[in-house]
Structure formats: structure tokens, C-alpha cells
Amino acid sequence: MIQVLTKPKPLTDPHDIIIRGCRENDLHSQEQLYRQFYPEMIKICQRYAGDIDGAGIIFNNAMMRVFKSIKKYQHDGKLGAWIKAIVINCALDHIKTTGKIKEASITIITEEIPVDDYIFEKISAKEIQFAIKELPKATATVFNLFVYEGFTHKQIGEALEISEGTSKWHVNEGRRLLKTKLNHFLKTKA
Amino acid sequence: MDKKLKQLENQSLPDLSKMDQHWDDLKRSLYPEASIPKSKANNKIFRWIAIASMVGIVLFASYKFFFANNDKFISNDNWERKPGTNPKTDTLPSIKLMPGKETSTIISKDTIKLRTQNEQNTKEQFIVKAKTTEGKEVELKWVAADGSSKKSRDTLKFEPSKEKTNYPPVPVILKGQTTEGKKIEVIAIPMNDTTNKKQDADKKKALQDFFADLEKESQSFVINNERDTMIKGNEGTELYINANSFYPNKNVTIRLQEFYSYQDIITNKLTTTSGEKLLISGGMLNIMAFSGNKELVSAQKEILIKMPTDKLDDSMQLFLDQTNYSQLSSSIIENPGYDTVGFANPINWVPAGQSQNIQRTLPLIQVLNLLDDHHSVAYDRYTTASYLIANNCPLSNQQVKVELEKRYGRYYGRIKVRRIWGNRKRVFLSSNTEWPIVGDSLFVPFETALKYKLISRKDSLKYVRDLKSEDSLYYARVSKMEKKYNFRITNLGWINCDRFYNDYRPKIEFIVNLGDTASNYYTLLVFEKMKSLMNGYVSGNKVIFSNVPEGESAKIISVSIKDGKPIAAMQPVQLSRKTFEGLKFEETTTSEFKQKAGEMDK
């Protein structure tokens with residue numbers, strides 16, 4: 001394990017004041033917390049929702065849970081990570097409500113498909129997001145969880161009730177389809 | 001690929017357009033309208049305000065009741081009375097001078113008494129004017145306690161009383177020269193209020209004029225909209241406008257301003273920031289189109305822009321001006337830190353999702369991977385970056401460490417290396433995460449290899465020789481084409497070719513104390529190692545530059561007006577958490593300032 005030395009914490013962490021306010025159901029503190037984490041978390045929610053309104057619903061559900069369980073939060077300086085975990089869980093619940101992901105019946109491919117890094121120098125993040133949204137829903141979900149959220153195949157399997165092999169298949173399938181889409185996109189753009 | 005996707009994702013901006021709406025929805029869910037809980041903190045504040053108000057009312061009532069008679073208040077045996085003035089029978093009209101407020105009263109006698117409310121107000125200065133009810137100004141004379149006399153419109157200064165028994169301070173008597181019986185209005189104006197405000201306004205106007213003289217001239221081109229047109233600017237910018245881009249206008253005037261040099265960017269108050277993030281600029285343009293006097297804000301067809309550069313940077317992309325002007329105007333009103341005179345052009349650069357479109361024709365070459373692919377950075381005393389070396393790397397650990405220190409030693413205080421076991425490229429810990437490694441081989445374009453110094457000088461010459469075996473004219477054309485950034489736009493206005501400045505060092509707030517009201521200065525931080533400039537936030541006498549890399553060398557440039565003359569300071573600085581003081585200002589002129597700003601281009 002890599003040991004990373006952290007900087008000495010200030011005596012009064014600004015988050016502590018907000019958390020105290022949220023525990024007392026202070027609306028102003030709740031609003032501050034909401035606005036502080038909105039920019040970072042809305043990007044995560046948008047990956048799993050169809051549009052910004054759906055992303056807002058996921059984020060609001062997550063913040064409801066945050067405010068209700070704020071008393072359980074242990075002051076270990078990882079407020080962002082704690083909230084992110086709740087947001088991702090809400091996103092997964094949202095995905096589950098829209099339908100269960102089926103097991104893949106195709107043989108598991110364990111080899112990685114290489115992708116030319118050169119493509120990413122020509123494309124923007126927004127265009128990639130559009131391309132990922134056009135993937136089959138299950139593939140896009142698993143791909144996002146693996147690449148952006150850093151989930152392992154085992155964790156994805158447990159969350160979505162699929163096997164590790166299916167998860168690996170979806171990730172590879174996502175990469176393959178994404179590469180095709182990006183190449184096509186570049187050709188039409190040129 | 002995953003790393004690239006994450007990198008792109010980190011650079012993208014979130015959509016905040018519906019944040020307020022989403023918060024309102026959540027608020028309604030948390031607290032239905034009928035029962036929005038009042039904040040406990042607010043309850044406490046209201047309680048204290050109510051108590052304070054009641055105390056204030058009681059005190060005011062008692063003051064009025066006990067001290068209603070002015071004569072009683074005046075009769076203080078310790079006062080030095082002028083002969084002939086008996087405070088008990090003194091029926092002179094008086095005017096109470098309130099700090100920060102203009103007060104006036106109409107008198108029919110030609111003598112009036114001015115006094116302050118309490119001892120704390122004795123430091124205030126006032127100018128007193130008098131005019132008839134018809135509006136004609138008349139002169140009054142002071143008669144101060146020491147018998148000295150002055151005229152109205154002189155500054156009236158109440159000195160703090162040295163002896164505590166001499167309270168309240170001796171009032172000043174004004175004697176008029178008007179005909180007795182005619183009514184006059186006496187007006188007392190606090191000097192700090194109007195005089196300082198007027199001085200500040202004059203300074204800001206003069207500063208505005210100073211920069212107006214430095215504004216870059218625009219180049220005008222009249223084009224025939226019915227034809228394809230190519231426009232070339234003085235500094236090498238090319239615009240390719242298709243026919244009927246501005247339908248239905250026939251003759252269109254294109255105005256172009258080019259800002260490539262430090263001199264132009266600084267003298268035109270431009271900056272390179274996107275929100276709070278620093279950008280490195282490859283050049284800025286301001287393109288406007290007019291049909292007669294009517295401004296055309298966009299074209300119906302894409303305009304191809306080619307911006308010249310000395311050194312091509314693959315990560316450059318198009319940024320556009322996304323300043324919300326309605327929001328900005330309310331910020332100016334509410335926030336004293338925003339000053340339209342001392343502040344820069346209020347441009348917020350936002351990526352347009354368009355990286356530059358260059359035809360890549362040079363082949364890939366295989367090199368040793370010595371990119372900055374660390375697997376962790378620890379922000380301890382030294383800022384330590386740790387790298388994993390591929391098992392089959394031909395160099396020893398020590399050799400790799402030396403190579404990495406040569407390239408990235410200025411970013412990290414310490415570099416650690418460790419060779420991985422086995423031939424696997426992946427390193428598994430608790431997860432299946434693939435960690436980046438160095439020392440393996442890469443296929444990269446030749447220019448990338450040069451940029452990241454992945455090939456030696458000898459090798460680069462060999463490659464240039466080998467690649468030159470292509471048709472020389474073709475190569476020359478390709479090389480020429482490679483030295484321009486290409487973008488396509490339809491919306492006109494401000495255009496910027498930039499890339500985000502990625503730096504692993506911790507970000508700090510760098511504070512500059514100007515020793516004077518900072519909003520009367522235009523202050524800028526200029527980074528010399530990369531073309532990046534930023535404005536700071538003004539607070540009192542300080543200018544605060546947020547989110548800057550610690551330890552980076554930069555230059556502070558500040559301009560203001562003193563005694564009606566422009567002054568400027570340009571000082572190099574190392575960014576640290578310590579407040580920077582002692583900026584040395586010297587008198588300057590527009591040409592001197594422009595020349596000094598131009599020295600940074602050398």
C-alpha cells in the first residue's frame with residue numbers, strides 16, 4: 001500500500017460547520033452543501049440519466065439520503081467521497097428501476113482491445129459523452145461504472161446482479177463500439 | 001484509453017444551468033411550503049435584533065426626556081465661553097453634524113452653531129456651504145473656539161478633545177454676511193464621503209483613458225458577400241469566408257483585432273482564465289462584422305480561421321467568450337470587488353469542444369516511454385512523485401530516475417521509482433486497476449516525441465533526414481500547414497486558442513497588498529514560462545489571485561493614477577502563501593508601459 005502523507009488539517013474544517021448545520025436541519029447549511037457538491041456530482045448523474053432533468057432527480061434523491069443520514073457521517077475528512085458513494089448508489093437504483101441488465105450469452109473475451117490514443121486528441125469530452133449515451137444501455141452503464149467510477153468487475157457484478165464475466169464483456173464491447181462510433185464521428189466531422 | 005477518457009472528463013465543465021431549479025425542487029420535498037423551518041441561527045439573530053431595538057427605543061426615549069432641553073446639555077462649567085454668550089439664554093439655531101451624512105437646516109438669523117453628536121464623531125471633516133432660499137450661494141465666516149476665523153467652504157475639522165472633561169466638543173459658530181432676517185440654508189457635507197468619492201471617480205476615469213489610448217487598432221476589410229473571400233491579418237491570421245455567409249447583405253465590413261503577443265494582451269486588459277482555471281494562450285482574436293452600421297453577430301456558414309504559431313501544441317483548442325453580461329452587471333452593483341475600470345475585459349473563456357484540426361501526415365515512431373505517467377503524488381514536504389518501471393525496460397532504475405528528474409524535476413521535489421515484477425503491464429492491488437508505467441515502448445508521432453524529449457538530438461536529426469526523403473515540396477507544405485491552428489466558427493466576437501494549464505503542484509491563494517485602495521488599480525499576474533495571464537479579486541487594499549501553482553515564477557503588473565499621472569509597477573515574484581508587499585510604482589506613459597509590456601515577448 002502506498003502511504004501518502006496528508007497535509008495537517010486546519011483546526012476548523014469549513015465542512016464541519018456545514019455538517020453541523022445540516023445535522024440541525026438548517027436550510028442554509030443544506031443549501032450550501034448542495035451547491036458545493038452539485039458541479040462534481042451532476043456530471044456523474046448525467047452519465048446514468050438521459051438528460052439534465054433526470055440527473056437532477058438522481059442528485060436530489062442522493063442529497064435527500066445525505067441529509068437524512070448526515071448524523072451517521074464520521075468526520076474523517078472524506079465528505080466528498082461519502083457523498084459520491086451515495087450518489088452512485090442512487091444512480092444504480094435509478095438504473096435498476098428502468099430494467100434489469102441481462103446476462104451476456106457470448107463467450108467472455110479477456111483480451112483488451114487496443115485503442116489509438118490519437119483519436120482522443122481530436123475529440124471533446126462532450127462528444128464522447130454523446131457517443132457513450134448511444135451505446136446499448138447496459139453496456140453504457142457497465143462501461144461508465146468501470147471507467148469513470150473505478151468499480152471492479154466484482155463490484156459491478158454485485159451492484160447490477162450480473163456475473164464478472166458479463167461485466168468484462170460489456171466493458172470490452174463498450175470500448176469496441178465506442179471506437180467505431182468515434183472513428184465514424186471523425187470522418188463525418190472531417 | 002480509460003485514462004484518456006477520464007482526463008477528458010475532468011477537463012469538461014459541468015452543466016449548472018438548472019442548479020437553482022433542482023435546489024428549489026429539493027427544498028419543496030424536504031420542507032413543504034407551509035412548514036419551511038426557520039433556521040435556528042436566524043431565530044437567534046431576530047431575537048437579538050428585537051432586544052436591541054427595544055433597548056434602543058428605551059434609551060432614545062430617556063435621552064429625549066432627560067436631555068430634551070439643549071441649554072441644559074450645553075451648560076457645562078468646564079467650557080470656555082466666549083464673552084457675551086450665555087449658554088443658558090443661547091437661542092442660536094444649531095445643526096448636528098452626522099458622520100457620513102449630508103445635513104442641512106434653514107435659518108433666519110445670520111449666525112448658526114455647528115456641533116457633533118458625540119465624542120466619537122470628532123474625527124469627521126465637513127465642508128459647510130450656505131445659500132439663500134433662491135439658491136444663491138453666500139459666504140459665512142467661522143468663529144472657532146480659539147477666536148480664529150475662516151470662510152465657509154473651508155474644511156471644518158473637529159479635533160478630538162484632549163481633556164475628557166471637555167465634553168461635548170466646543171461647537172463652532174458661523175456668522176453670516178447676509179442681511180439679517182433673510183433666510184439662508186446651511187448645508188454640511190461630510191468631506192470623506194464626497195471628496196474621496198470624487199477623487200476615486202477621477203482616478204478611475206483617468207485609468208480608463210490611459211488604457212483607451214493603448215487599445216489595439218482594428219483592421220478593417222470590406223468584402224463582397226457574394227464571393228468566397230480570404231482575409232489575412234497583419235500578424236498572420238487567415239479567415240476563409242464562404243460566399244453568402246452574411247446573407248442578404250452585399251458588402252460587409254470585417255473588423256479584426258489580433259492579440260498574439262504579451263504586449264497586446266496586457267495593454268488591452270485581456271486575461272486567459274476559464275472560470276477559475278488557468279489557460280495557456282496561443283493567441284486571441286476579436287472578429288466583428290458590420291453591414292453599414294448594423295453589427296452582424298453570426299454568420300450563416302462556418303468561417304475557417306487559421307491562427308499562426310511558432311510551435312504547434314496538440315492540446316490547443318478553441319475557446320469562446322461566454323460572459324453572462326446581465327449577471328456581470330448585478331455583480332458590479334453588489335460586489336465591490338468588481339470594478340469595470342480597474343478590472344479586465346470581463347471575458348470568461350469556455351471551451352467550444354473543438355480541438356484544432358490539423359492533418360497529421362508524419363508517421364509514428366517507437367520510443368522509450370518517459371512521459372509523466374506517475375501512479376501517485378504525495379504532497380508532503382517535498383511533493384514526491386512515484387513511478388513504476390516496466391520490468392523489461394533496458395535502462396536501470398537509477399538511469400530512469402535521472403531521465404525523469406531532467407524532465408519533471410521542476411514540478412516535483414522528489415522522484416521515486418520502483419520496478420514491477422514479471423512481464424505483466426498491469427499491476428493488481430485490491431482492484432483490477434491498470435496503473436501507468438514508464439520505461440516501456442510507445443508509438444508516437446515524431447513531433448510528440450520531440451515535445452516530450454523522448455528522442456535524443458542525434459536521433460531527431462536521423463528521423464528528420466529519413467522523413468525528408470518524402471517529396472520536399474510536399475514536406476514543406478505539410479510543415480507550413482502544421483504551423484497553424486485551424487478552427488471553424490459561426491458566432492463572431494472574441495475567440496481564443498488555448499489549452500488548460502495542468503499542474504500537479506498544490507494550488508494556493510497569492511495575495512498582493514498594494515497599500516492603497518486596490519479597486520483604483522489594474523493589477524495582473526503574468527506567467528512568464530507560459531502565455532498565461534490572470535486578474536485577481538479585489539478586497540480592500542489587497543488583490544487576491546486564486547488557484548495558482550505554488551512556487552511558480554510570475555510577474556505582477558499594476559497600473560494606477562497618482563496626482564493625475566499614470567504610475568505602473570512590474571515586478572517578478574515567486575508565488576507563495578506569504579502576502580506580497582512593497583510593489584514599487586514609477587511614473588510612466590502609454591508608450592513606456594507598452595514598451596515594458598513588450599519586453600516579455602523577447
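In strand β17 of chain B, the residue that bridges to L239(B) is I305(B). That pair belongs to an antiparallel pairing of β12 (residues 238–241) with β17 (residues 298–308), both in chain B, joined by three bridges. On terms: strands are DSSP runs of E, at least two residues, helices are runs of H or I, at least four residues, and both are numbered from the N terminus. Two strands pair if DSSP finds at least two bridges between them.

This is a predicted model: local features need pLDDT of at least 70, side-chain atom pairs count only at pLDDT 80 or more, and totals for chains, interfaces and linings use all residues. Residues are numbered from 1 along each chain as its sequence is written, while chains are lettered from A and ligands numbered from 1 in the order in which they are written.

Back to the sheet. β12 and β17 are part of an open sheet of four strands in chain B, in the order β11-β12-β17-β25, with antiparallel pairing. At its edges stand β11 (229–232) and β25 (484–491) of chain B; each has a single partner strand, so one side of each lacks a neighbour in the sheet. From one strand to the next, the twist averages 20 degrees, taken between lines fitted to C-alpha atoms, with angles from 0 to 180 degrees between N-to-C directions.

Now another sheet in chain B. Five strands form an open sheet, again with antiparallel pairing, in the order β29-β28-β32-β33-β34. Here the edges are β29 (532–535) and β34 (586–587) of chain B, each with a single partner strand, so one side of each is left open in the sheet.

Take β32 of chain B, residues 553–562. Seven of its 10 residues are buried, meaning that 20 or more other C-beta atoms lie within 10 Å of a residue's own, with C-beta atoms placed from the backbone; 12 or fewer would be exposed, and in between is partly exposed. β32(B) pairs with β28 (residues 522–527) of chain B over six antiparallel bridges, and F527(B) has A554(B) as its bridge partner.

What does the hairpin of β32(B) and β33(B) look like at its turn? Two residues lie between the strands, and D563(B) takes a positive phi near 50 degrees. Further along the sheet, β33(B) and β34(B) pair over two antiparallel bridges, with I567(B) opposite E587(B).

On to chain A, which has eight helices and zero strands.

Last, confidence. Chain A has a mean pLDDT of 78, and 75% of its residues reach 70 or more; pLDDT is the predictor's confidence in each residue, from 0 to 100. Over residues 1–11 of chain A, pLDDT stays under 50.

Note on methods: Two residues are in contact if their C-beta atoms, placed from the backbone, lie within 7 Å.
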